[in-house]
Amino acid sequence: MTLSLAQRVTLANKPLGFNALVVERTSRCNARCAICYQGSSPQGKVQKGKKSANDAKDLSPELIRRALLEGSRLDSLNKRFHLAGGEAFLDAELCLELFAYAQSLGYYDITTTTNGFWAKSPDKARILTRRMREAGVTNIELSTDHWHAPFVQPTTINNCLRACLEAGISVNLRLLATHEHTHAATLATLDPYLLNHTTRITCGPVFAVGRATEQLSTEEFFRRGAEGRCFAVLNLAIVPNGNVFPCCAGMDHTDGLLFGNIAEQHLAEIVHNINHSPLFRVVSYAGVSRFLQPLQHLGYPMKTSEEYGNMCDLCSTIFSNRQMVADLSRYNSQLEAEQVRMAIEYLQQSSAA
Ligand code: SF4
Ligand code: SF4
């Protein structure tokens, strides 16, 4: 984290923007995929065989409506609403009600993530997707791959793709893979005609986060390294216990650095806290890999940057450890104070010369 003072000044003044308001309403899901980064299951979040007391409840509809209303007034938030879970469609009627409310507030891009379990028959799929479109839904992110397939069959995914096509809802088919279980193998189970008419197919690797770390062997993961910055891909993400995070890519399932809870604070106040977090500004603008050297210096046995799956893998590792975050925070403030002291000394010497 050897940022110069000039870099720190730039970091401190650039306001953060968010691409969407993401609501992870529940940690419950009809499935229990081995790669679930959230650790979802029919009983809620389960990790290392234990149920998480912190995420036991679903986020209440009243709080979601309040967040939508407050979000609609935030200049730094793009007017996109994304509803996710767990599996949000365990309560489809509530989803429809929230989509319609978002539409009435002026959100113009209304999207959702689902595993498509509700499309069990062509008729059921048609009825729900038609109602979704009427409620303002523009796109669904449909998750399927080797680990989803035991819970949601390819025929159900085909029903979902066909119904979305008919209803005018675009689909982003989201596939994950490891060295052993490839994207091509999943695609081969789906209807080629429907695949040809799918708006987008996003193929990504399974990363070593959440339940995947417990259920997959380390050799199975692809590794991209921890370099990168995320300021352009941030979302305001609200998790089931009401905590608000600046992304939904891993940090949202940590508790080392909290910014606020929607049940206790206004969204604008939480955005202010995110914007003024020195550690988060380093993560978003300079990259989380900046923390590796200081953490090694502080005595933590960190891996090299190349050994992490990606930046979010390293980020989740750091921000899941409260002690690590506290040490890093102290180190960062001391370094900054020292740099300011040196800059003042330099200016005094220059003006005296
Ligand atoms: S369907 Fe999605 S939310 Fe549910 S267990 Fe699988 S990965 Fe997790
Ligand atoms: S690096 Fe961290 S904050 Fe940035 S997108 Fe990944 S998990 Fe989120």
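The model is predicted, so local features need pLDDT of at least 70 and side-chain atom pairs count only at pLDDT 80 or more, while totals for chains, interfaces and linings use all residues. Residues are numbered from 1 along each chain as its sequence is written, and chains are lettered from A and ligands numbered from 1 in the order in which they are written.

**Ligand shells**

- Ligand 1 is surrounded by 13 residues, of which the closest are Cys29, Cys33, Cys36, Ser40 and Asn115; a residue belongs to such a shell if its C-beta atom, placed from the backbone, lies within 6 Å of the molecule.
- By class, the shell of ligand 1 holds four nonpolar, seven polar and two charged residues. Here Ala, Val, Leu, Ile, Met, Phe, Trp, Tyr, Cys and Pro count as nonpolar, Asp, Glu, Lys and Arg as charged, and the others, Gly among them, as polar.
- The shell of ligand 2 includes Cys230, Cys247, Cys312 and Cys315, along with Met251, Val283 and Met311.
- Ten nonpolar residues, one polar and no charged make up the shell of ligand 2.
- Helix H12 (residues 311-319) supplies three residues, the largest share of the ligand 2 shell; helices (H or I, at least four residues) and strands (E, at least two) are DSSP runs, numbered from the N terminus.

**Helices H2 and H3**

- The axes of H2 (residues 61-71) and H3 (residues 92-104) come within 10 Å and cross at roughly 20°. Axes are lines fitted to C-alpha atoms, for helices over the stretch in contact, and angles run from 0 to 180 degrees between N-to-C directions.
- H2 and H3 are therefore roughly parallel to each other, a term for angles under 35 degrees.
- Pro61, Ile64, Arg65 and Leu68 of H2 meet Leu94, Leu98, Tyr101 and Ala102 of H3, where contact requires C-beta atoms, placed from the backbone, within 7 Å.
- This contact of H2 with H3 comprises seven nonpolar residues, no polar and one charged.

**Helix H10**

- Phe280, Arg281, Val282, Val283 and Ser284 are buried in helix H10 (residues 278-286); buried denotes 20 or more other C-beta atoms, placed from the backbone, within 10 Å of the residue's own.
- Gly287 follows H10 and has a positive phi, near 105°.

**Gln38**

- Gln38 lies in the loop between strand E1 (21-24) and strand E2 (46-47).
- Gln38 is buried because 26 other C-beta atoms lie within 10 Å.
- Beyond its neighbours within four places in sequence, Gln38 is in contact with Ser27, Lys45, Gly86, Gly210 and His253.

Methods. Angles under 35 degrees count as roughly parallel, over 145 as roughly antiparallel, 65 to 115 as roughly perpendicular and the rest as oblique. Two residues are in contact if their C-beta atoms, placed from the backbone, lie within 7 Å. A residue is buried if 20 or more other C-beta atoms lie within 10 Å of its own, exposed if 12 or fewer, and partly exposed in between; C-beta atoms are placed from the backbone.
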